[in-house]
Amino acid sequence: MTAGNWPADSRLQARTDGAEIRGVPPDRWRDTVSFLLQHGYTFCGLHVTSPAGVVELRAAFIRDGAFHMITCQPDPQQAPTLIDLVPAAAWDEREAADLSGLVFSDHRTRPLITHPEQLERWTTSVRGHDTHQVAVGPIHAGIIESGHFRFHVVGERILHLDLRLFYKQRGLERAAVGKPLEQALAVAQRACAACAVTNSVAYAHACEQALGLIPSSELSRTRTALLELERLYNHLNDIGAACAGIGFSPGNMIFATLKERAQRVNRMLTGHRFLFDTVQVTRSDLEISEHSALAARRELRDIRDAAERAWHEVLFHGSVQNRFDGVGAITAADATALGAVGPAARACGLAHDTRSATPRLTYPDFQVAAPADPSGDVRARVEMRALELPTTFELLDSLLARAIRPAECTPGHEPIATGMAAVESPRGRTFCTVERDGTTVTRLRLRTSSYANWPAVALAATDNLLPEFPLINKSFELCYACCDR
Amino acid sequence: MTPSEPWWIALIEAIVIVNILLGLFAYLTLIERKVMGRMQLRYGPNRAGKFGLLQPIADLVKLIRKEAFSPASAIELPYILAPVVSAFTAIAAFSFIPWGPGWTVHGWRINGEVANTSIGLLAIFALGSIGIYGFIVGGWASESKYSILGSMRTCAQLVSYEVSLALSVLGVVILGRSLNLPEIVARQGHFLPYAAPEFIGLIVFFFAGIAETSRAPFDLPEAEQELVAGYHTEYSGMRWGLFQMAEYINLITLSGLMTTLFFSGWHGPWDIGPIWFLLKTMAVLFVFIWLRTTLPRLRYDQLMRFGWKILLPVATVNAVVTAALVVAFGG
């Protein structure tokens, strides 16, 4: 798209390789978004920032690996809403309203981060014979983060599910403000342990884009290997978790064992099971000897063989397949509207994977995996993980074919004030925006794949039996901490 | 003529059997956790005592010391009585299971069962039916959503499978020509285990029995990952312990009943009486544990379909065919 295609009153603020930022008047905000959507852009995230005390609304979109951000300065009491155009922006707008006091027009904004006592302020009103509510959480039996689920049910069938997450707002994004770019990396990383590498790489890429740097091929190789190591243990864990959801202990235990083995490979290579502190901004300090890389490849081949055997066991088990089939289905249209990403979206037939267009990482000839029957149900979501595992194993085998050495970025394009990055986590696209003043962070926005997918969980639960919800939830296997940023 | 057992021997026997049963229950939990652990590539309990042998005692101490919490909205009397009813009926049902041929020591008769009655089989089913009330009432009296869902499932599942369970033993009753369990065992000793002629009945009994004892893969009333803990979600301490005890003793009783009805009870190649009974019962219990470790839980509609559309017709046909053959060939 060239500048000439944009609505007339949009104003180019900054442009660099792979990113363009435009300012639009508040009354053209919605038209510009419609324009972008019509031209094949996908919504990535929306946030509020207030440079020099003026509230600014920012929405980011992606197409073919290139980002377009639009900004406007709305009337704080009458900000234009995007919910009808982009339902996926609902949580972003509610969060922005809660954190900045912005009031969006045209819809009743329900609180997201604040938790009012009155039930009617945050739940959907459901009436009729025999309807009742079942409340689950926020404290759960397992060692998991806090999250409340309010089920409206008839008998055991779910009519509607209201999610109430965001219990522990840690203020991570606020904590990053004022920190040097390098130091704020720790804040992004700690948003979630299971996606620590993804968050770190997304943050590092955003910083590097803002600084006008591009990773060297060695740096790109190192980060890709780390991302795939993270994907590996997460996918193994997620398949096991789905087996646990139906009380299928053999599947759960085998995949839990494989996950543990994968995490031991992580520790052997990087010193940390969750790969913490392996990513730096503008460089990589990680060093893996040829000997360690070779040992890791050998162990990964063993894990691959075991994972294939275990997956065939799961496939062979008719009872397991019967429990997965047709449960918690969402359509491709709903997944698109809600902005679902990752295996959950691909299970519906949406062939989106950030890895297929990511110039800052090493994914040559990457092919997006697709299930044979993209039914969007639990079976398809679990199958997606199994389908993606061979690619991950192959990538790791080639990425670890030689020693990994410290590496740095090189100057590549014009620096800008705002950098954006999207990285494919095990759960889908994680989007990060970093605004800077010199080498200091002025705004950090991390929209993780879990954040993007939670609304789809609520939809998938509808019209299913209440006891099926844990299985549906595990088939997405999302993170609560990603909301408690 | 064989002298009858005096009441005081029956009383001592009852006390001994109840204690053996409770000990078996305690160590069955350990065996189950050990076997499941090994099948799932882990060790199982191994910290309390050598090989974890003191784990059941540690569990007991923990349960006794734990607060018996009850929800403020619980309906108190039925809430407290429900686990007691379940535990009592479970223990009482075992008293009809014959574990030996009986002996005469110094002229005193010692029976191979605590209670010998001509309707022993019916009595076990009757006590089992009363025990179900404990599970249903406990969940209902908890005034909790998940508990009531567990109770409703208990009610539907146990009523559905009880029909198949009763029909599955009809063939054995026809062949044994008695509802008296020692007589059924004695007849198998002279003939052959009824597992052979009543193989279909055995299969139906096995599946219906798993459902009746709410064991995996038919553990829908509890469904740990789905319903928190089903009907006993709101129970803790020894009240919860009583429910657990009832479930495990029901399982032991069911295994004992299966040994009695289909595997010749205490009979075996060598005359070691109760040891045979114990070995056979333990073998059946192992299969139950094996199954729990191997299969995923069924969905509710799958469970109901299996019960009403497969087990019930098969059990009915089996009973009718057995009756026809007995009439045709004179037993």
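## Ground rules

Since the model is predicted, local features need pLDDT of at least 70 and side-chain atom pairs count only at pLDDT 80 or more, while totals for chains, interfaces and linings use all residues. Residues are numbered from 1 along each chain as its sequence is written, chains are lettered from A and ligands numbered from 1 in the order written, and side-chain values use heavy atoms, with hydrogens and water left out.

## Helix 6 of chain A and its two partners

Let's start with helix 6 (residues 217-245) of chain A, whose axis comes within 9 Å of that of helix 12 (residues 378-399) of chain A, crossing at roughly 150°. Axes here are lines fitted to C-alpha atoms, for helices over the stretch in contact, with angles from 0 to 180 degrees between N-to-C directions; helices are DSSP runs of H or I with at least four residues, strands are E runs of at least two, and both are numbered from the N terminus. Helix 6 of chain A passes helix 12 of chain A in a left-handed crossing (the near helix is turned anticlockwise from the far one by less than a right angle). Residues in this contact (heavy atoms within 4.5 Å) include Arg221(A), Glu228(A) and Leu236(A) from helix 6 of chain A, and Arg385(A), Glu388(A) and Phe393(A) from helix 12 of chain A. By class, the contact has 13 nonpolar, 3 polar and 6 charged residues (Ala, Val, Leu, Ile, Met, Phe, Trp, Tyr, Cys and Pro are nonpolar; Asp, Glu, Lys and Arg are charged; the others, Gly among them, are polar).

Helix 6 of chain A also packs against helix 7 (residues 249-270) of chain A, at about 160° with axes 7 Å apart. This pair is therefore roughly antiparallel too, and the crossing is left-handed. Among the residues that meet are Tyr233(A), Leu236(A) and Gly240(A) in helix 6 of chain A, and Phe255(A), Lys259(A) and Asn266(A) in helix 7 of chain A.

## Nonpolar cores

The largest nonpolar core has 106 residues, and Trp91(A), Leu236(A) and Trp454(A) are among those with the most contacts inside it. A core is a set of buried Ala, Val, Leu, Ile, Met, Phe, Trp, Tyr and Cys residues joined through side-chain atoms within 4.5 Å; buried means under 20% relative accessible area, exposed over 50%, partly exposed in between (1.4 Å probe, protein chains only). Helix 6 of chain A supplies the largest share of this core, 10 residues. Apart from it lies another core of 77 residues, Trp99(B) and Met304(B) among them.

Not counting residues up to four places away in sequence, Trp91(A) touches Leu112(A), Phe166(A), Trp454(A) and Cys483(A), among others.

## Single residues to look at

Gly147(A) sits in the loop between strand 6 (131-136) and strand 7 (148-154) of chain A, and is buried at 0% relative accessible area. Its C-alpha is 9.8 Å from that of Cys483(A), though the two are 336 residues apart in sequence.

Most residues other than glycine have a negative phi. Asp64(A), however, has a positive phi near 50°; this residue is in the loop between strand 4 (56-63) and strand 5 (66-72) of chain A and is exposed at 70%. Asp463(A) also has a positive phi, about 70°.

Conventions: Angles under 35 degrees count as roughly parallel, over 145 as roughly antiparallel, 65 to 115 as roughly perpendicular and the rest as oblique.
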